[in-house]
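Me: I have a fold to look at and some questions about how it packs. Can we go through it piece by piece?

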Amino acid sequence: MGDAEKWMSKSILYRFVKKNLILLGKNTGWLDPDLTADWIVGRKILRQLIDEIESSGAEPILVVTPPEHWVRNEDPSSLEKSILRFASRNKVKAVNLTDVFREKIKNTPIQTLYIPGDGHWTGEGHALAASAI
């Protein structure tokens, strides 16, 4: 944060306007829902990977593999939304496994898909992902 922004951030009006402009940007698609440094770096890495795949003549497909907390939560995370926006903006096919996993745990305990306390998929979780892909 530069000196001018530090000084302006003391203003309630500035903070209000900045917060609402960021929210507007996220809701309209001008900004990604996830603005963390991890996503900003991850987005650049994905873009480079896609460029390399396309330059070799292959078609990239982005497979979104949900961590357990995404599956437990009904609302998409900001990272999930950002990944899907990235795929759309970059015209890359995306297979989002989150809803497939959510649907499965409606009738099956989540431990059948994720190793408890570990976060990795079980054999059944891998089989579900493979059939969805």
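**Fold and packing**

Reply: Read along the sequence, the protein follows the pattern α-α-α-β-α-α-β-α-α. That comes to seven helices and two strands, where helices (H or I, at least four residues) and strands (E, at least two) are DSSP runs numbered from the N terminus. This is a predicted model: local features need pLDDT of at least 70, side-chain atom pairs count only at pLDDT 80 or more, and totals for chains, interfaces and linings use all residues. Residues are numbered from 1 along each chain as its sequence is written, and side-chain values use heavy atoms, with hydrogens and water left out.

Me: What share of the residues counts as buried?

Reply: Of the 133 residues, 26% are buried. Buried means under 20% relative accessible area, exposed over 50%, and partly exposed in between (1.4 Å probe, protein chains only).

Me: And how much of the contacts comes from residues 24 or more positions apart?

Reply: They account for 58% of the contacts with a separation of 6 or more. Contact means heavy atoms within 4.5 Å.

Me: OK, helices. Which residues of H3 are buried?

Reply: Trp39, Leu46 and Ile50. They sit on the same side of H3, because they cover an arc of only 35° around the axis; the arc is that of the directions from the helix axis to the C-beta atoms.

Me: What is on the other side of H3?

Reply: Exposed residues: Ala37, Lys44, Ile45, Gln48, Glu52 and Ser55.

Me: What covers the buried ones in H3?

Reply: The cover includes E1 and H5.

Me: Then H5. Which of its residues are buried?

Reply: Glu80, Ser82, Ile83, Phe86 and Ala87 are the buried residues of H5. Seen down the axis, they fall within an arc of 165°, so they line one face of the helix.

Me: What covers those in H5?

Reply: The cover includes H3, E1, helix H4 (68-72), E2 and helix H6 (98-104).

Me: How far does H5 reach from its first C-alpha to its last?

Reply: H5 has 12 residues and reaches 16 Å, close to the 16 Å expected at 1.5 Å a residue. The expected span is 1.5 Å times one less than the number of residues.

Me: What follows H5?

Reply: Lys91, with a positive phi near 55°. H3 is followed by Gly57, where phi is also positive, near 90°.

Me: New topic. How many aromatic pairs are there?

Reply: Three. Rings of Phe, Tyr and Trp (its six-membered ring) pair if their centres lie within 6.5 Å; planes under 30 degrees apart count as stacked, over 60 as edge-to-face and the rest as tilted. Trp39 and Phe86 form an edge-to-face pair, 6.1 Å centre to centre with 85° between the planes. This pair links distant parts of the chain, since Trp39 is in H3 (residues 37-55) and Phe86 is in H5 (residues 78-89), 47 residues apart.

Me: Which other aromatics are linked by ring pairs?

Reply: Phe101, Tyr114 and Trp121, which form a cluster.

Me: How many bridges join E1 to E2?

Reply: Four, and E1 runs parallel to E2 (residues 93-96). Two strands pair if DSSP finds at least two bridges between them. Ile61 stands opposite Lys93 in E2.
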